[in-house]
Amino acid sequence: MSNLTTDNPVALQTLMNETIFANGFDFQLTQEAVSKAKDTEYIAVGIPSADHLTQSVADGTIRSGYSGREENNNEMEVLGGEFIYQGSKDQGILFILRYEEYPYFSPAALDAFEKTIGALKLKKETVAVVNLANAHNPNDFKRIMQFFQPTKIILLGVEPASLNLPPIEHNSYMKGRIATVFNTFSFEEMFADINKKKLFWNEFKTFIVS
C-alpha cells in the first residue's frame, strides 16, 4: 500500500480526511461449486450461472440487465436531489461505481458488496452508493464532495482520472484535508483474480476501521 499526497487544485479544494474498510465476501470455491458453475466469466459462491440468468430473462422472471434482488434494493434509492444514490450519507462513507448495465451493482457484485461491508459491521442502508453511469449524476468530484460530504471514498473500478484526480495506484489512498480516496478494483475484477481480492480486503478493512 502507498499513500498519495497531491497538489492538484481540484483535489485539494474538495478533499478532506482519511481511512478504509474490510472484507467478508467469500470467493473460496468448493469443487461442487466449480462443477455446477458453467460458462461464466467469473465464479463466486452463491452466484447463479450465466445460463440460469439468461433463462430467467427469457422467462420474464428477470428483466434484462436487472435482477429482482436489485429491484428490491432500489427501495433504498434517494431521488429528487442533485444525485440519485442508494443508502445514507450520514456516516460519511461513499462508494462510487460506474455500471452501464445496472442501476447500481451487478447481482454478483451486490452479493459480494453486502458480505464485504457486513464483515465490518456496516449495512447497505448506512453507507452511500452512487453510480456515475447514471446520466443524472454529475461526474464532477467537487460536486460529489459538496453533496455527499464524505470522509471516506471508495472507487470501485472507477479510474481517478475520470474525476480529474491525480493517478492513484490500486489499493492505495489519496489523503486530503477532509476525505481520503481509496482506489481499488471492481468486484468483477476481483472475481476473476483472487490475488486482487486479497489485496483489496487487506487494505479495505484497515481503511474502514482506522
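A residue is buried at under 20% relative accessible area, exposed at over 50%, and partly exposed in between (1.4 Å probe, protein chains only). By that rule, Ile 93, Phe 95 and Leu 97 point one way from strand β4, Leu 94 and Ile 96 point the other way, and all are buried. This is a predicted model: local features need pLDDT of at least 70, side-chain atom pairs count only at pLDDT 80 or more, and totals for chains, interfaces and linings use all residues. Numbering starts from 1 along each chain as its sequence is written, and side-chain values use heavy atoms, with hydrogens and water left out.

- Helices (H or I, at least four residues) and strands (E, at least two) are DSSP runs, numbered from the N terminus.
- Two strands pair if DSSP finds at least two bridges between them.
- β4 pairs with strand β6 (residues 152-156) in the parallel sense, over 4 bridges.
- β4 also runs parallel to β5, joined by 4 bridges.
- Leu 94 stands opposite Ile 153 in β6 and opposite Ala 128 in β5.
- β4, α5 and β5 form a right-handed β-α-β unit; right-handed means that, with the strands pointing away from the viewer, the path from the first strand over the helix to the second runs clockwise.

**Helix α6**

- α6 spans residues 141-148, with Phe 141, Ile 144, Met 145, Phe 147 and Phe 148 buried.
- Asp 140 caps the N-terminal end: a side-chain oxygen lies 3.0 Å from the backbone nitrogen of Lys 142.
- Gln 149 follows α6 and has a positive phi, near 50°.

**Salt bridges**

- The whole structure holds 4 salt bridges, each a side-chain nitrogen of Lys or Arg within 4 Å of a carboxyl oxygen of Asp or Glu.
- Arg 143 and Glu 82 meet in one of them, at 2.6 Å, N to O.
- Arg 143 lies in α6 and Glu 82 in the loop between β2 (77-78) and β3 (85-87), so the pair ties together parts that are 61 residues apart in sequence.
- Arg 143 is partly exposed at 35% relative accessible area; Glu 82 is partly exposed at 33%.
- Glu 114 bridges to Lys 124, with the closest N and O atoms 3.3 Å apart.
- That pair links helix α5 (residues 107-118), which holds Glu 114, to the loop between α5 and β5 (128-131), which holds Lys 124.
- Lys 124 also bridges to Glu 125, at 4.0 Å between the closest N and O atoms.

Note on methods: A polar contact is a pair of N or O atoms within 3.5 Å; within protein, one must be able to donate a hydrogen and the other to accept it, and residues adjacent in sequence count only if both atoms are side-chain atoms.
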